[in-house]
Amino acid sequence: MDYKSKNLVAERKRRKKLGDRLLNLRALVPRITNMKKETIIEDAINYIQELQENVKFLTGKLQLLEVEPFSEEEANPKREETNTVEDMKKCGIQENVEVSYMSGNKVQIKIIFEKKRGKFTKLLEAITSHGFQLSDTSMTSSKGATLVSFFAEVTYDGTLAVEETRKSLLQIVRSM
């Protein structure tokens with residue numbers, strides 16, 4: 001009859017548990033240089049220290065942003081905002097609205113307007129207040145102009161007239 005020591009069984013369980021935990025640690029640390037136990041632990045320590053340094057750095061940045069005073073430059077419009085109309089005219093760009101019927105009550109809308117702080121937000125508010133539900137919006141700015149392209153769905157009842165929608169949106173853009 002083979003007799004196994006309690007200590008032998010306990011030691012095997014302990015080593016198995018330690019090995020499993022090292023495998024879990026290895027899975028969590030992105031850069032393991034070697035598969036030896038000591039190397040896995042060293043790499044994990046280095047990785048944790050690196051994370052702690054990142055936390056300190058980012059916390060310092062966050063505190064700096066919270067403490068940073070309001071500057072006069074932010075209150076004055078930048079050069080690119082003040083000359084947008086001139087830039088658009090030089091390049092032959094004009095404010096424009098294109099509306100294309102897709103299906104049902106869905107349309108694709110492309111709007112070109114003068115690049116100006118807050119104008120995009122006002123445009124979106126005006127469009128949604130006119131009964132459009134927007135999706136897939138993209139915006140590009142260049143040469144003092146902004147191009148906004150999106151798909152919209154009319155949320156009110158009635159037929160959707162593409163030309164009437166275009167004229168209405170062009171009026172909204174010019175009134176801003």
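Two strands are taken as paired if DSSP finds at least two bridges between them; helices (H or I, at least four residues) and strands (E, at least two) are DSSP runs, numbered from the N terminus. The model is predicted, so that local features need pLDDT of at least 70 and side-chain atom pairs count only at pLDDT 80 or more, while totals for chains, interfaces and linings use all residues. Residues are numbered from 1 along each chain as its sequence is written, and side-chain values use heavy atoms, with hydrogens and water left out.

The mean pLDDT (predictor's confidence in each residue, from 0 to 100) of the protein chain is 77, and 78% of the residues score at least 70. Confidence is highest in helix H1 (residues 6-28), with a mean of 89, and lowest in helix H4 (residues 79-82), with 49.

An open, antiparallel sheet is formed by four strands in the order E1-E2-E4-E3. Strands E1 (96-103) and E3 (132-142) are its edges, each pairing on one side only. Neighbouring strands are turned by 15 degrees against each other on average, direction ignored. Strand E2 (residues 106-114) is joined to antiparallel strand E4 (residues 145-154) by nine bridges; Phe113 has Thr146 of E4 as its bridge partner.

Helix H6 (residues 119-129) lies across E2, E3 and E4, at about 160 degrees to E3, and helix H7 (residues 162-175) lies across E1, E2 and E3, at about 145 degrees to E1. Axes are lines fitted to C-alpha atoms, for helices over the stretch in contact (heavy atoms within 4.5 Å), with angles from 0 to 180 degrees between N-to-C directions.

Ser149, in strand E4, counts as buried because its relative accessibility is 15%, where buried means under 20% relative accessible area, exposed over 50% and partly exposed in between (1.4 Å probe, protein chains only). Not counting residues up to four places away in sequence, Ser149 touches Gln108, Ile109, Lys110, Asp136, Thr137 and Ser138.
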